[in-house]
Amino acid sequence: MSPVFYLLAAITVGGGLAAVLLRNLIHCALAAAVSFAGLALLFLSLDAQFAGFVQFLVYVGAVGILIVFAILLTRNADEQEGGLFSRTWLMGLAIAAAVFAVLGWAVLRSGSVLPNQLASPVASVHDIGVALVGRYVLPLEIVALLLTAATIGAVIVAMHEKEGEQ
Amino acid sequence: MTPLTGYLLVAALVFAIGLGAALTRRNAILVLIGIELMLNAANLNLIAFWRYGPNPEALIGMMFAIFSIAVAAAEAAVGLGLVIAIYRHLHTTDLDQLNRMKG
Amino acid sequence: MAQETDQIFVLLTGWILSYLPEWLRPYGLAVLGVVGVLAVYVTLFALTTWFERKGLARMQNRYGPNRVGPFGLFQPIADGVKALVKEDVVPFRADQVLHFLAPLILLIAVCMELGVVPVGRNMVLVDMDAGLLFFFAMGASTELSVFMAGWSSRNKYSLLGAMRAIAQMISYEIPLLLSAVAAVMIAGTLSLPKIVEAQSGFTDMLPHWYVFTPWGFAGALIFGIAASAETNRCPFDLPEGESELVAGYFTEYSGFKFAIFFIAEYIGMFSISSISVTLFFGGWGAPLSFLSFIPSWIWFFAKVMTMIFVFIWVRGTLPRLRQDQLMNFAWKFMLPLSLVNLGVTALWRFMNDDWQRWAACTAILVVSYVVLGLTGMRSQHVAPRKYRYAE
């Protein structure tokens, strides 16, 4: 449990907390991007280089920008009347705390049966490429189809209507 | 506390924070941010088990995580497109006010 | 003798490290490498600012800086001193934290990109298995800092400039990535030193650079155009044109923060030129086989400076593109052409090595270029403008 791990965990969890608790929406989106970056660094510390760089490229580079654009396109001039949190915030907080308690108990309780292999695996990009077009070609094609459908769908849903509200 | 336990606890914490965001905030976009945080926590779980698991040469965990990242990005795009479309109709993104099935 | 001048920096590093204790050597190697790379690129940045101003001036039939030192060579020093002593004005209503962090994050992301570029034989700072992917990941992080700079200034012009810059950057990122993937397909690896080694053979004095193949030529052109769009260079510099948007997303920055943006933009230009040289122009390899006695790092920097000169030349020649022309060009021309290029690369890979391969690939690329140019780039019918007045 090196200090690097604690630092990265602090960045990730801190970014996530800031994303939930801040008042200004853009600050929340940027804190979420910091959390995504922290998670990418955690992937790198787990010797998953390809996944870490893909996480950086997709989440920080694309999803973060997408969230920021959506916030800017949906700004209402007056901020929420009635506060940041909904009326049922206490129940939501209790459910989240309960979920964390159950997961944490399960993880800590089974600490003795979890495998603890420490040899670092070598997942070269060549192996990942061979796996993608060999064993995992069907998921690859389905994900390609899904991304095409999602792109077309998002464009159609968010497009300006021809006869606008002018 | 083994390293694997540490990573799993961090993933559980981020998952709980994302769940809290999705359940308590009023703005629709923050709910989507919470969902993205939950998906990220699940990815961290997958990669941690891949690294410390019995058979990392089969690359199952890494593949699962990469496909999950792709699917999450697609779902974020569609979700945010929906939020923009709803805002264009009702001029609000406050979830507490989107409680009627009226166009 | 040629071997030693080629490896002189590697030998120098080894000699310095031999004076350090064993446990300190990795850190010493890291520090030496980072200091070396940064020193070289910042000096190149200073030279390029002078080069650009002189080059643009001569293309525009005027002199350019010629007061400060011989031929104006000390002008970058004068610019640096000016930037350092200027007062740092931050608007009152600006978001202080984001306003401060934006130039830093841009500079950090851009300097990290330099870490994977192979500057010479055995001279790369970090030899990563997925080096090209790391480069593109850092390039994607620059967009977020551009947005932070534009939004935190609480200024309409800044925000408009930032939005335009981000839209342009994400639109041109796809042709950039797809044309790079073509080179990766043929080389078979994402690791940049290995891509350079895959281009290092010679067939009777001509090198095996990828730019001398049909798909490599198209790929290099697409990559070059997308690279100048990614770094907001003319003709794609609508987000920072002085006559359009005051100064775009760095309107509210003055003094040293503006200098940091400037440095980050030029170092971004260097790193993306370095990657295009690595992917398509043979990296540190010599152009003719009998010229291999000249050290590899001299060839690399010569090629990078030639590309920078081409960027400056294009800046001095072409007018600026309008935002909708820019986006049309990206989505309706560059993206289909880069997809066709990818298909042609696959065809090249699996056909036998004779004249038919060249003819087929060239024919497909030329036909698709003509077809896309005629269909995709038709001028838009502009409707009469609807005015909305404030009630």
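Analyst: A crossing is called left-handed if the near helix is turned anticlockwise from the far one by less than a right angle, and right-handed if clockwise. The model is predicted, so that local features need pLDDT of at least 70 and side-chain atom pairs count only at pLDDT 80 or more, while totals for chains, interfaces and linings use all residues. Residues are numbered from 1 along each chain as its sequence is written, and chains are lettered from A and ligands numbered from 1 in the order in which they are written.

In chain C, α13(C) passes α14(C) in a right-handed crossing; helices (H or I, at least four residues) and strands (E, at least two) are DSSP runs, numbered from the N terminus. The two helices cover residues 323-350 and 355-376 respectively, and their axes come within 10 Å and cross at roughly 165 degrees. Axes here are lines fitted to C-alpha atoms, for helices over the stretch in contact, and angles run from 0 to 180 degrees between N-to-C directions. α13(C) and α14(C) are therefore roughly antiparallel to each other (under 35 degrees counts as roughly parallel, over 145 as roughly antiparallel, 65 to 115 as roughly perpendicular and the rest as oblique).

From α13(C), the residues that meet α14(C) are Lys332(C), Phe333(C), Pro336(C), Leu337(C), Val340(C), Asn341(C), Val344(C), Leu347(C) and Trp348(C). On the α14(C) side they face Arg357(C), Ala360(C), Cys361(C), Ile364(C), Leu365(C), Ser368(C), Tyr369(C), Leu372(C), Gly373(C) and Gly376(C). Two residues are in contact if their C-beta atoms, placed from the backbone, lie within 7 Å. By class, the contact of α13(C) with α14(C) holds 13 nonpolar, four polar and two charged residues (Ala, Val, Leu, Ile, Met, Phe, Trp, Tyr, Cys and Pro count as nonpolar, Asp, Glu, Lys and Arg as charged, and the others, Gly among them, as polar).

Along the principal axes, the C-alpha trace of chain C spans about 75 × 60 × 45 Å. Of the contacts in chain C between residues at least 6 apart in sequence, 77% join residues at least 24 apart.

Chain B has three helices and zero strands, running α-α-α from the N terminus on. For its 103 residues a compact globule would have a radius of gyration near 13 Å, but chain B has 17 Å. Its C-alpha atoms fill a box of roughly 55 × 25 × 15 Å along the principal axes. Among contacts in chain B between residues at least 6 apart in sequence, 49% join residues at least 24 apart.

Turning to chain A, α1(A) and α2(A) pack at about 155 degrees with their axes 7 Å apart. They are therefore roughly antiparallel to each other, and their crossing is left-handed. The contact includes Val4(A), Phe5(A) and Leu8(A) of α1(A), together with Cys28(A), Ala31(A) and Ala32(A) among those of α2(A). Its residues divide into 13 nonpolar, six polar and no charged.

α1(A) also packs against α1(B), residues 3-24 of chain B, at an angle of about 5 degrees with the axes 9 Å apart. The two are therefore roughly parallel to each other. Among the residues involved are Phe5(A), Ala9(A) and Thr12(A) of α1(A), and Gly6(B), Val10(B) and Leu13(B) of α1(B). This contact has eleven nonpolar, five polar and no charged residues.

Of the two pairs of chains that touch, chains A and B have the most contacts. There, 72 residues of chain A are in contact with 65 residues of chain B. Elements giving two or more residues to this side of chain A are α1 (3-21), α2 (25-45), α3 (49-73), α4 (89-109), α5 (125-133) and α6 (137-158). That side divides into 55 nonpolar, 14 polar and three charged residues.

Between chains A and C, 17 residues of chain A are in contact with 18 residues of chain C. On the chain A side, α2 and α3 each give two or more residues, and α3(A) gives the most, with eleven. This side has twelve nonpolar, five polar and no charged residues. Chains B and C do not touch, their nearest C-alpha atoms being 14 Å apart.

Technical notes:
Rg over C-alpha atoms; globule rule 2.2 N^0.38 Å.
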